[in-house]
Amino acid sequence: MATNTSKTYHLYSYFRSTCTNRVVIAMHLKGIPVEHTYIDLGKAEHESPEFQALNPSKSVPILIIKEDRNETVLTQSIAILEYLEESLPTLTPLLPPSGDLVQRARVREMVNIITNDIQPITNGRIAKRVRAIRGEAKDQITFVMEVFLAGLTAYEELLAKYSGQFSVGDAVTMADVCFAPAVEMALAYGTNLDGLPRVMGLFKKLGELSAFQKGNWKMQGDTPEALRDS
C-alpha cells in the first residue's frame, strides 16, 4: 500500500551499508517512495565538507523529508525508523500496538542486540582499527566474525522465547528490518551460523518477502553489476 502524502523523501545511501539497508527495507514495507543520492564510501565521498554539513558523523543513511517549505534532515538509522513508524504508523506497522508495551519493548530489545551489540563493533571504521594494530587482515576478519557469532547467538536464544513467524510474534517488526542485513553481512564475512537454526530459518523466511528482496544490498541502484544477483 503506497502512502498518500505531500511529503517527499530523499535518502543518502550506500549499497553495502547495513544501516542503509534497514531504512530501505522499512520504506518498501511502508510503500514510501524515495529518491536516492548514492554515496560511495569506498571513494570517501562521505568525507566531503558538503556531506559533513548534513551529517557530522560522516555516515549513511541520511533521510531528508520535505513538506511544503519545510525540510527536515535525519541521521542514524534507528532514529529514521522510529520517525517513519511514528509519522506513518498505519502503513505496515513496525512495532506492536501502542497498548502492548511489553511486546514493543521486546522488539526494541531485539533491535538493540543488532544495533548495539553487533553493528557498531563490526562497522568498517572500527574493524579496520583492529586490523591496524598488527597490520593483519585476518585480525579484522576473526574479530568481526566473533562479534557476529556472539550477538546472533544471543538473538537465537531470544527467538526461542519471543518469536512466532518472525522475530517477535507473527508480524514483521523493526527487529526483522535490522536483523536481515546483519545476517547478510555476517555471512559475507564467512561467519558459520549453522549452529543457529532459528536465526537461519528466520533469515530464509524474510528473504522470501518482497520488501526484503528489494532492500537487499545486491539489489540497490549503486550495487556494482558484478555483485548483483542474477
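In which sense do strand E1 and E2 pair, and over how many bridges? Strand E1 (residues 8-13) pairs with E2 in the parallel sense over 4 bridges, where strands (at least two residues) and helices (at least four) are DSSP runs numbered from the N terminus, and where pairing requires at least two DSSP bridges between two strands. Within this pair, Glu35 of E2 is the bridge partner of His10.

The model is predicted, and local features need pLDDT of at least 70, side-chain atom pairs count only at pLDDT 80 or more, and totals for chains, interfaces and linings use all residues.

The open sheet has 4 strands in the order E2-E1-E3-E4, with mixed pairing. Its edge strands, each pairing on one side only, are E2 (35-38) and E4 (70-75).

| Helix | Strands touched | Angle |
|---|---|---|
| H1 (residues 18-30) | E1, E2 and E3 (62-67) | about 150 degrees with E1 |
| H3 (residues 77-87) | E1, E3 and E4 | about 130 degrees with E4 |

An automatic or database domain assignment divides the chain into domain 1 (9-93) and domain 2 (101-215). Between them, 18 residues of domain 1 are in contact with 17 residues of domain 2. The side chains of Glu82 and Arg108 form a salt bridge at 3.2 Å, N to O, a term for a Lys or Arg side-chain nitrogen within 4 Å of an Asp or Glu carboxyl oxygen.

How values were computed:
Residues numbered from 1 in each chain as written. Heavy atoms only, no water. Contact = heavy atoms within 4.5 Å. Axes fitted to C-alpha atoms, helices over the stretch in contact; angles between N-to-C directions.
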